[in-house]
Every structure is written in structure tokens, then in C-alpha cells.
Amino acid sequence: MSKKALITGVAGQDGGHLAKLLHDKGYVVFGIVRGQMEASHPRYQAIMKEMPFLNIVMADLLDLSALTHAMQEIKPDEVYNLAAISHVGYSFRDPILTADVTGKGVLNMLEAIRLAGLEKTTRFYQASTSEMFGGLDYNRPDTGYTEDAIFHPRSPYGVAKLYGHWITRNYRESYDMFALSGILFNHEGERRGPEFVTRKISQAVARIKTGKQESIELGNLDAKRDWGYAGDYVEGMWLMLQQDKPEDFVLATGETHSIREFCELAFKEIGIEIKWNGEGAKETGVDAASGKVLVKINPEFYRPAEVDLLLGNPSKAEKQLGWKRKVDFPGLVKLMVEYDLKAEVGTR
Ligand code: NAP
Ligand code: G4F
């Protein structure tokens with residue numbers, strides 16, 4: 001009998017990668033999508049075009065009753081809770097919704113499993129995040145954050161995720177559920193939403209190359225992130241749920257790079273060397289050959305509190321799960337720019 005997996009947030013970046021991975025492994029894959037679509041709806045059709053094997057379930061993470069019905073009907077062997085308000089900048093603008101979905105939504109999922117009487121049989125993965133660490137000097141080990149590092153979230157998103165992290169652990173300890181969290185550092189790729197900085201840059205570079213855009217506006221160029229490829233990270237999620245006992249794991253590359261470096265490499269892919277002029281909000285990135293301004297600062301993209309530096313230590317996952325990232329930082333930038341260039345010239 002094939003195993004059944006239920007993925008929330010299946011239409012998001014990781015959801016698509018994970019659904020394909022599980023399908024390839026022989027799972028029957030169910031995916032939760034919010035909304036009130038019928039099969040004729042363009043978004044429904046777009047999801048089915050990309051994942052023709054998918055069984056779409058309409059539900060919202062805020063709706064315990066719909067989630068409980070889904071659990072009762074599907075009786076999944078594995079649940080991957082990827083749905084969230086996931087944009088850190090947006091979470092400052094809508095902190096209440098973020099708390100409800102990204103925080104309490106996790107509790108709804110765990111309760112739905114219990115109400116359906118599946119707490120001893122269904123395995124649960126929670127999408128925790130490096131944002132919970134906050135990147136401050138005092139809690140930042142030189143060798144990178146591990147599973148035991150101190151949390152100090154710096155955004156409504158990070159705070160909501162910390163609730164999700166601890167309630168998952170609490171259900172594991174209270175009800176003996178196979179429930180765990182993957183604490184994932186930033187992971188990107190061709191499915192990344194355009195509101196996140198890497199995709200914003202790769203799409204802008206492709207449009208600048210094809211003459212459809214003049215320049216790009218960014219916020220803090222000096223923040224550093226531990227960036228990997230999403231396709232590598234969903235493999236780690238699956239491996240976590242195949243272990244004998246539930247434990248939390250960090251997935252990261254062990255390297256950190258600034259937004260500035262991402263920009264430089266992305267423009268290099270189209271043969272442009274970027275030189276930086278000026279400081280703070282007046283800084284610009286110019287084409288070293290033509291002197292044309294290609295990068296500008298817009299303080300609108302600054303955050304009320306910033307996470308300056310994230311660096312993860314994936315030793316536990318590498319040792320216990322045998323997980324290792326395959327795509328390195330230059331490979332990631334190249335993959336994203338190449339994808340967006342093909343999309344712009346219409347060959348994708
Ligand atoms: P994403 O692309 O933003 O996908 C999130 C999905 O959640 C979207 O499909 C969204 O649906 C869905 N969603 C939002 N509110 C919902 C609600 N009320 N009910 C049901 N679904 C809802 O995020 P991602 O990058 O794939 O990340 C997956 C998960 O990992 C998220 O929980 C994120 O916070 C976490 N995470 C991500 C990273 C990373 O670097 N990508 C790192 C650590 C942790 P719509 O499509 O309808 O908007
Ligand atoms: O791409 P970002 O929006 O990702 P951020 O905030 O690191 O969050 C992502 O990774 C988390 C894991 O650590 C996930 F949990 C979360 O769900 C999400 O997937 O911003 C990265 C950095 C920030 O320091 C931001 O201030 O880029 C800086 N930045 C500079 N200019 C910008 C921009 N970010 C965005 N989104 N847009 C800009 O124009």
C-alpha cells in the first residue's frame with residue numbers, strides 16, 4: 001500500500017518541490033490550498049498543470065473544522081505543515097494575521113490530528129526557521145546556530161514561528177506524538193516568490209538584460225544569509241520523518257553571504273561588473289563599464305528590526321540523516337538567473 005502524505009502550503013515554494021519528491025517516492029500526495037476554487041479556476045488549473053498527480057484539498061489553516069475533516073478523510077501517514085504567512089517584512093505590517101496563521105495555525109494542525117484520533121499513527125513535520133535565532137551577536141556561535149542555540153526572534157513572523165516550534169515540541173512531549181521541527185535556514189530557487197530578495201534580484205537582472213527594466217530598488221544590502229537550494233532542503237524534511245524517533249534538525253549550508261554579494265554574482269551572470277558608490281540610503285550599484293546606475297536603495301524595504309547575520313550548523317543533519325546540500329552559493333545564483341532569463345526571452 002502506498003503511503004499517504006498531506007502537505008499544507010503545497011502551492012508555495014517548498015510545497016511544489018516536496019510534492020514532486022514524495023510523488024517520485026511513490027506516495028499518494030494530498031495538498032492543502034486555501035480559497036474557494038472549483039476545478040475550472042485558473043489557479044486550480046495552474047497547480048494541477050504543474051502537479052497533475054496532486055489531490056487538492058481546500059482548507060485554511062485558520063479553520064480547525066476543515067482541517068479535522070481533512071485528517072479524518074485522508075488519514076495521512078505523514079503531514080508536512082509548510083503553510084504560513086512567510087514574508088518577514090509583511091509580518092510587521094500584518095502581525096495579527098501572522099500570529100494566527102504562522103503561530104496558532106500549527107496548533108490547529110496538531111489538534112486536527114488528535115481530534116481525528118491519529119496522534120499515534122500520523123507523523124508531523126513543522127516548518128521552523130532560522131528567523132527564530134534572530135542573528136544577534138550575543139547568541140551567535142562562531143560555528144553557526146545548532147538545534148540547541150538560544151532563540152531571540154526579531155519579527156512578528158519569527159515570534160509566531162517560535163510558538164509553532166514549541167507547541168510542536170509540547171505535543172511530542174505531552175502526547176508522545178511523532179512531531180518534530182526542521183529549523184531551516186534560507187532556501188531559494190526557481191520557485192521562490194518574487195517578494196523575497198533573491199528572486200527579486202534574479203528577475204530584475206533578467207529584465208535588465210532584456211531591456212524591460214532599468215534598475216532595481218533594494219533595502220539593506222549588508223544583511224547576510226545562509227542560502228541553500230530549496231530542492232535540497234525538501235529531501236531533508238522527508239529524511240527527518242523517516243527516523244526511528246522524533247527529533248529537531250537544522251538544515252543549512254554552513255556559509256553566509258550578503259545581499260550585496262548575491263547582487264554582484266547575479267549581475268556577473270549577464271556580464272556586468274557592479275561597483276558600489278556612496279553610503280547608506282544614498283548608495284548605488286553601477287555598471288563598471290557604462291557607469292549606469294543599476295541598483296538603488298529604497299528605505300521602504302528596511303525593516304523595523306533586522307536580522308543582520310544568519311549562519312547555520314548542519315552537523316547533526318549531516319551525521320544522523322546523511323543529508324548534505326548539493327547546490328552551492330554560486331550554483332544557486334546561476335540557476336536562478338538562468339531560469340529567469342529563459343522565462344524573459346520566452347524559452348521557458
Ligand atoms: P511560501 O512560498 O510563502 O508558501 C507558503 C504557503 O502557505 C503558500 O502557498 C500560502 O498559500 C500558504 N498559506 C498562507 N496562509 C495560509 C492559510 N491561512 N491557510 C492555508 N495556507 C496558507 O513559503 P516557502 O518558502 O515554501 O516556505 C515553506 C514553509 O517553510 C513556510 O512555513 C516558511 O515560513 C518556512 N520556512 C521557509 C524558509 C525559506 O527560506 N523558504 C526557511 C525556513 C522556514 P497561498 O499560495 O494561497 O498564498
Ligand atoms: O529574502 P528575504 O525577505 O528573506 P528573510 O527575511 O531572510 O526570510 C526568509 O528566510 C527565513 C529563514 O531565515 C524564512 F523563515 C522566511 O519565511 C523567508 O523565507 O530577506 C533577506 C534579507 C533581509 O535582511 C532583508 O532586509 O534581504 C534584505 N533585503 C534587502 N532588500 C530585502 C530587500 N528583502 C526583501 N524581501 N526585499 C528587498 O528589497
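This is a predicted model: local features need pLDDT of at least 70, side-chain atom pairs count only at pLDDT 80 or more; totals for chains, interfaces and linings use all residues.

Trainee: How do the axes lie, and what is the hand of the crossing of helix 7 and helix 11?
Mentor: The axes come within 8 Å. The crossing is right-handed.

Trainee: What makes the contact between helix 7 and helix 11?
Mentor: Helix 7 brings Thr198, Arg199, Ser202, Gln203, Val205, Ala206, Arg207 and Lys209. Helix 11 answers with Met336, Val337, Tyr339, Asp340, Leu341 and Glu344. By class, that is six nonpolar, three polar and five charged residues. Asp, Glu, Lys and Arg count as charged, so Arg199 and Asp340 belong in that group.

Trainee: Why are helix 9 and helix 11 oblique to each other?
Mentor: The axes of helix 9 (residues 259-268) and helix 11 cross at roughly 55°. Roughly perpendicular begins at 65 degrees, and roughly parallel is under 35. Helix 9 and helix 11 are therefore oblique. Their axes come within 9 Å, and the crossing is right-handed.

Trainee: Which residues meet there, and what are their classes?
Mentor: Glu261, Phe262, Leu265 and Ala266 of helix 9 meet Phe329, Pro330, Val333, Met336 and Val337 of helix 11. The contact has eight nonpolar residues, no polar ones and one charged.

Trainee: What makes helix 3 oblique to helix 5?
Mentor: Helix 3 (residues 64-74) and helix 5 (residues 95-115) have axes that cross at roughly 45° and come within 8 Å. That angle makes helix 3 oblique to helix 5. The crossing is right-handed. Helix 3 supplies Leu64, Leu67, Thr68, Met71 and Gln72. Helix 5 supplies Asn108, Met109, Glu111, Ala112, Ile113 and Leu115. They divide into seven nonpolar, three polar and one charged.

Trainee: How do you know that Asp222 and Arg260 make a polar contact?
Mentor: Their side chains are joined at 2.9 Å. The cut-off is 3.5 Å, so the pair qualifies. Asp222 sits in the loop between strand 8 (216-218) and strand 9 (224-225). Asp222 also touches Ser258 and Asp308. Asp222 and His257 are 35 residues apart in sequence and 9.0 Å apart in space, C-alpha to C-alpha.

Trainee: Which residues come nearest to ligand 1?
Mentor: Of the 24 residues around ligand 1, Asp14, Arg43, Ser86, Tyr157 and Lys161 come nearest. A polar side-chain atom of Asp60 lies 2.8 Å from a nitrogen atom of ligand 1. A polar backbone atom of Gly12 is 3.2 Å from an oxygen atom of ligand 1. With a limit of 3.5 Å, the Gly12 pair therefore counts as a polar contact.

Trainee: Which residues are closest to ligand 2?
Mentor: They are Thr129, Ser130, Tyr157, Arg303 and Glu306, among 23 that surround ligand 2. The side chain of Ser130 has an N or O atom 2.6 Å from an oxygen atom of ligand 2. For Arg192, a polar side-chain atom lies 2.9 Å from an oxygen atom of ligand 2.

Technical notes: Residues are numbered from 1 along each chain as its sequence is written. Chains are lettered from A and ligands numbered from 1 in the order in which they are written. Side-chain values use heavy atoms; hydrogens and water are left out. Axes are lines fitted to C-alpha atoms, for helices over the stretch in contact, and angles run from 0 to 180 degrees between N-to-C directions. Helices (H or I, at least four residues) and strands (E, at least two) are DSSP runs, numbered from the N terminus. Angles under 35 degrees count as roughly parallel, over 145 as roughly antiparallel, 65 to 115 as roughly perpendicular and the rest as oblique. A crossing is left-handed if the near helix is turned anticlockwise from the far one by less than a right angle, and right-handed if clockwise. Contact means heavy atoms within 4.5 Å. A residue is near a molecule or strand if one of its heavy atoms lies within 4 Å of it. A polar contact is a pair of N or O atoms within 3.5 Å; within protein, one must be able to donate a hydrogen and the other to accept it, and residues adjacent in sequence count only if both atoms are side-chain atoms. Lists of a residue's contacts leave out its neighbours within four places in sequence.
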